[in-house]
Amino acid sequence: MFPPFPTERARKICRKMLEELDSGKIKLTASNRTSTERKDQGIMLGAMLCRDSDGNEIELRTVSGLSKTIIPESQDKRTVYVEPIVPPQRIDEALLPNDREIHEYTDEINSLLELTNRTEEQESRLDELKKARTELTTESLKKVFSLYSFRCIDGSTITLNEICRRKNIELVPTGTGECCAPKLLNHAFSHNMQVLSMSEVYYGKDTPHKQNAHEYPPCDERCGIILPFMLGLEIIWRDKDICVINKPSGLLSIPGRGEEKQDCVSTRLRRLFPECIEQPSVHRLDMETSGLMVYAFTEEAHRNLSRQFENGIVKKEYTALLDGILPKKGIKEKGCMELYFRLDVENRPHQIWDSINGKKAVTEWQIINVEPYTAPDGKQKNVTRVRFIPHTGRTHQLRLASADSHGFGTPIIGDSLYGKPIGDERLMLHASSLSFVHPISGLPMSFKSVAPF
């Protein structure tokens, strides 16, 4: 993950923690959960600098995992040592019912693995034991994960089970929810604090992947699942001038009319970063479309990025699933089309073909492949995955290039305006590539995002 908040000030707190550990001012105490093989294993130290509702700056400190805790020599009111989100004893209680049986399976498995020449019957028994152990382990882990819920920046709470459901994940990695970042954010948001800075450093013996006292971003495999939900946004890049995010389907880019349409990327960005300008948006994606977007933190960055969009400097690519087999319609593997559309004033926000008064929309395409697709109703069919490169920025340009008879005559799956979605089927359109010039440094910036379908 890219660090969602500035790291500099929190990094100094982490350095201070390292010094205090070396001097004995604070100590790491191992819990009775620490196994022999993990006794000397390193951990992450996490620090967060926040501002409370009274304007005071508060230091939050924590460690990763459940096996060790920090015990300070003394503690002032502006330093908080954050506890695990779920108390270890509750986790032990969830694991206990299957614990003995899992260990019995493991002992028998190890005994069979020690045999050099196993019989067919022993091989069969080994497979049965492994399957049974996996089922029990999965059951235990699901019980543990059901204990976790996280406070989000908007004050709401989301469970780990709900996160898995939304991301279509059956089982997350062990330890999900016990990294430093979700612990710190959960405490900050639970106490209505504004995050100013966050950092994590590794403490322990060097490994092939981590070095003692080095700073590392939140991990992809665990934090990458949780943090976008807690923050309300998946941050791909952030500096003092711009922020690149991966917008989920179903979220507006900018506020709409009415109180119910105020939740959008711009609103969430300003909630995360209150010093951001009032109107950070420089381009839009349809609410149903997911993918990469760039926003400006400053007026100077906003002006520069707006000019880049106007002058065609910004390059974008999209991935789409079309509801049909394009090669069977005689459509070439790649090409470029020019279409003309205007607003249907009697049926907003639909656009309609108009070769005289319509605005030109230029779209380059490439067929990636034809693949099977299972609809929400369980029916299977073949669909076409297409890469789109728009050379203009017209309203609904790619949806019309797909669905309109002057284009492919094949709507994008899930298109509620120009197609026929099945159930809660989302629009299968994702902004998968975004390139521009950094508005302040002048350096080329390029980002990729794999389509979630």
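Four strands form an open sheet in this predicted model, arranged in the order S5-S3-S2-S8 with mixed pairing. Strands S5 (79–81) and S8 (194–203) stand at the edges with a single partner strand each, so one side of each has no neighbour in the sheet. From one strand to the next, the twist averages 20°.

**The open sheet**
- In general, the strands of a sheet pair through backbone hydrogen bonds, and the pairing may be parallel or antiparallel.
- Strand S3 (residues 57–63) pairs with S5 in the parallel sense, over three bridges.
- Arginine 61 stands opposite tyrosine 81, a residue of S5.

**Helices H4 and H6**
- Helix H4 covers residues 160–167 and helix H6 covers residues 223–231; their axes come within 11 Å and cross at roughly 100°.
- On the H4 side, the contact is made by Leu160, Ile163, Arg166 and Lys167, which meet Ile225, Ile226 and Phe229 of H6.
- The residues of this contact comprise five nonpolar, no polar and two charged.

**Histidine 430**
- Histidine 430 lies in strand S17, which spans residues 429–437.
- Its relative accessible area is 1%, so histidine 430 is buried, since the term applies under 20%.
- The side chain of histidine 430 is joined to that of serine 290 by a polar contact of 2.7 Å.
- With neighbours within four places in sequence left aside, histidine 430 is in contact with several residues, including Asn246, Thr289, Ser290, Gly291, Glu317, Tyr318 and Thr319.
- Ser449, Val450, Ala451, Pro452 and Phe453 are also among the contacts of histidine 430.

**Alanine 320**
- Alanine 320 has its place in strand S12, residues 315–322.
- A relative accessibility of 0% means that alanine 320 counts as buried.
- Leaving aside neighbours within four places in sequence, alanine 320 is in contact with Thr384, Arg385, Val386, Phe388, Ile412, Met428, Leu429 and Phe453.
- Alanine 320 and glutamate 299 are separated by 21 residues in sequence, and their C-alpha atoms are 33 Å apart in space.
- Phe453 is in contact with alanine 320 and is likewise listed among the contacts of histidine 430.

Methods
Residues are numbered from 1 along each chain as its sequence is written. This is a predicted model: local features need pLDDT of at least 70, side-chain atom pairs count only at pLDDT 80 or more; totals for chains, interfaces and linings use all residues. Side-chain values use heavy atoms; hydrogens and water are left out. Axes are lines fitted to C-alpha atoms, for helices over the stretch in contact, and angles run from 0 to 180 degrees between N-to-C directions. Helices (H or I, at least four residues) and strands (E, at least two) are DSSP runs, numbered from the N terminus. Contact means heavy atoms within 4.5 Å. Ala, Val, Leu, Ile, Met, Phe, Trp, Tyr, Cys and Pro count as nonpolar, Asp, Glu, Lys and Arg as charged, and the others, Gly among them, as polar. Buried means under 20% relative accessible area, exposed over 50%, partly exposed in between (1.4 Å probe, protein chains only). A polar contact is a pair of N or O atoms within 3.5 Å; within protein, one must be able to donate a hydrogen and the other to accept it, and residues adjacent in sequence count only if both atoms are side-chain atoms. Two strands pair if DSSP finds at least two bridges between them.
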